[in-house]
Structures are given as C-alpha cells and as structure tokens.
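Here are some notes to read with the model open. Please take the points in order and follow each one on screen.

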Amino acid sequence: MPKINGNEIRPGNVLEHDSGLWAAVKVNHVKPGKGGAFAQVELKNLRDGRKLNERFRSEDKVERVRLDQKDQQFLYETDGKLVFMDSETFEQTELDADLLGDRRPFLQDGMTATIEYYGDEALSVSIPQKVTCKVTETEPVVKGQTAANSYKPAILDNGVRIMIPPFVGEGEDIIVNTEVFEYSERA
C-alpha cells in the first residue's frame with residue numbers, strides 16, 4: 001500500500017493509523033510562525049465510529065488504504081442483518097443493519113447499493129442519493145399559505161417524517177434526498 005506524506009492527506013482519504021482504519025473528515029493545513037507546517041486532521045474510525053484529532057507533519061509518512069467498491073443488490077432483511085447479492089458472482093453477503101445507520105428505512109427490495117470492502121470486511125454501505133417514496137399521511141393544504149416558502153409535515157411509506165411542499169398530497173410518489181432527508185421533487 002502506498003505511503004503518503006502528512007501534508008498530502010485530503011478529506012475522504014482512508015488511512016491506516018494506530019492499527020485501525022480511519023477516514024479523514026476534515027483537513028486543516030497550519031503554518032505557524034515558529035516551527036514546521038503540519039496538517040490538523042479530524043479522523044473517523046471506519047469500524048466503530050470513534051473520532052480522533054491528529055497532527056501530521058509534512059515529513060510524517062502515513063499508510064493510505066484503497067477500499068474495493070462493489071455494487072450489490074439488496075435482497076431482504078433477517079434478524080438485524082441485511083442480505084445483499086453480488087450481481088456478477090450471485091454470491092450472497094450478510095451485513096449488519098447498523099452499517100446503514102439512519103438511512104436504513106430508504107433501503108428497498110431490489111435496490112443496488114455500493115458496499116466498500118477492505119479485504120473481506122465490509123466497512124460501509126451507500127444507497128442511491130435519490131429514492132422514490134409514497135406519501136402515506138399529510139395534512140390538507142390550507143389556502144392562503146403561499147406567501148412564504150412553506151412546507152408541511154408528511155409521513156412516508158417507510159415511516160420516515162419529512163417536510164414536503166403544500167401541493168403534494170397523500171398517495172403521491174415523491175423523490176427524497178437520502179443524504180439530507182429532504183423532499184427533492186415529484187416522481
């Protein structure tokens with residue numbers, strides 16, 4: 001695996017540091033008046049989610065890790081495990097549901113997700129940024145509320161609560177942004 005200098009760390013890089021896998025979340029290059037320049041890096045552990053602030057001088061060498069990304073199809077959930085199938089080898093993989101975190105309700109049967117692997121260990125699951133959902137419950141629109149950019153609460157078919165524009169009614173399909181949990185557009 002390639003070693004990089006401390007000043008070459010960028011947000012999104014995955015590093016092997018203190019015998020763990022860490023993703024660089026924020027990188028701030030500091031050049032003090034006295035002493036050498038360094039990079040103040042906020043790291044997040046990919047296995048357990050811990051955070052760590054670390055300083056890397058430009059002469060420090062860190063191990064940069066490449067993760068393998070595979071597109072796999074979601075089949076079903078059983079006992080807190082998500083079952084995915086590799087579309088090339090048709091091999092089935094069971095992963096913990098907490099890898100998805102709060103985006104879990106947006107995972108639908110047959111959806112293709114991108115799974116990042118380090119060797120044989122699955123570290124993260126990412127679903128498409130935009131997902132189609134049906135509005136199951138919302139308040140009726142009140143006339144005259146169009147002066148300001150107003151939104152009303154709605155409950156989707158997967159149980160998630162979001163804010164939608166007043167012109168969307170019950171039973172309509174909408175597209176939801178899964179990264180920020182917001183209404184995106186009509187389907």
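1. **A buried glutamine.** Start with Gln-72, which lies in strand S7. This is a predicted model. Gln-72 counts as buried because its relative accessibility is 2%, and the cut-off for buried is under 20%. Its side chain makes a polar contact with the side chain of Tyr-117, at 3.4 Å. Tyr-117 is also among the residues in contact with Gln-72 once neighbours within four places in sequence are left aside.

2. Strand S7 covers residues 68-78, and strand S10 covers residues 112-118. The two run antiparallel and are joined by six bridges. One place to look is Lys-70, whose bridge partner in S10 is Ile-115.

3. **The five-stranded sheet.** S7 and S10 belong to an open sheet of five strands. The order is S9-S8-S7-S10-S11, with antiparallel pairing. Which strands stand at the edges? They are S9 (92-96) and S11. Each has a single partner strand, so one side of each is left without a neighbour in the sheet. From one strand to the next, the twist averages 45 degrees.

4. UniProt lists residues 69-123 as "domain: Translation elongation factor P/YeiP central", in an unreviewed entry. Over residues 69-123 the chain is 56% strand and 0% helix. The end C-alpha atoms of that stretch are 10 Å apart.

5. Phe-90 lies in the loop between strand S8 (81-86) and S9. Its phi is positive, at about 60 degrees, although Phe-90 is not a glycine. Is Phe-90 buried or exposed? It is exposed, with a relative accessible area of 57%.

6. Phe-181 is found in the loop between S15 and S16. Its phi is near 55 degrees, a positive value in a residue other than glycine. Phe-181 is partly exposed, with a relative accessible area of 26%.

7. **The hairpin that holds it.** S15 and S16 form a hairpin with four residues between them. The strands run antiparallel, and four bridges join them. Within this pair, Ile-175 stands opposite Glu-185 in S16.

8. Thr-178 lies in the loop between strand S15 (173-177) and strand S16 (182-186). What is the relative accessible area of Thr-178? It is 2%, and Thr-178 is buried. The side chain of Thr-178 reaches the backbone oxygen of Pro-128 at 2.9 Å. Leaving aside neighbours within four places in sequence, Thr-178 is in contact with Arg-103, Phe-106, Ile-127, Pro-128, Gln-129 and Val-131.

9. **A buried lysine.** Lys-152 has its place in strand S13 (residues 152-156). Lys-152 counts as buried, at 9% relative accessibility. Where does its side chain point a polar atom? That atom lies 3.0 Å from the backbone oxygen of Val-168. Val-168 is also one of the residues that Lys-152 touches, not counting those up to four places away in sequence. Others include Thr-138, Glu-139, Val-141, Ile-162, Met-163 and Ile-164. Pro-140 is on that list too. The C-alpha atoms of Lys-152 and Pro-140 are separated by 9.0 Å, with the two residues 12 apart along the chain.

10. **The hairpin of S2 and S3.** Strand S2 (residues 14-17) and strand S3 (residues 20-30) pair in the antiparallel sense over four bridges. His-17 stands opposite Gly-20 in S3. The two strands form a hairpin with two residues between them. Asp-18, in the turn, has a positive phi of about 50 degrees.

11. **A further partner for S2.** S2 also runs antiparallel to strand S6 (residues 61-64), joined by two bridges. Here Leu-15 stands opposite Arg-64 in S6.

12. **Confidence.** The mean pLDDT of the chain is 88. Of its residues, 97% reach 70 or more. Confidence is lowest in strand S11 (residues 121-126), at a mean of 86. It is highest in S15, at 93.

Methods. Residues are numbered from 1 along each chain as its sequence is written. This is a predicted model: local features need pLDDT of at least 70, side-chain atom pairs count only at pLDDT 80 or more; totals for chains, interfaces and linings use all residues. Side-chain values use heavy atoms; hydrogens and water are left out. Buried means under 20% relative accessible area, exposed over 50%, partly exposed in between (1.4 Å probe, protein chains only). A polar contact is a pair of N or O atoms within 3.5 Å; within protein, one must be able to donate a hydrogen and the other to accept it, and residues adjacent in sequence count only if both atoms are side-chain atoms. Contact means heavy atoms within 4.5 Å. pLDDT is the predictor's confidence in each residue, from 0 to 100. Two strands pair if DSSP finds at least two bridges between them. Axes are lines fitted to C-alpha atoms, for helices over the stretch in contact, and angles run from 0 to 180 degrees between N-to-C directions. UniProt positions are given in the numbering used here, feature names are shortened, and annotations may be inferred rather than shown by experiment.
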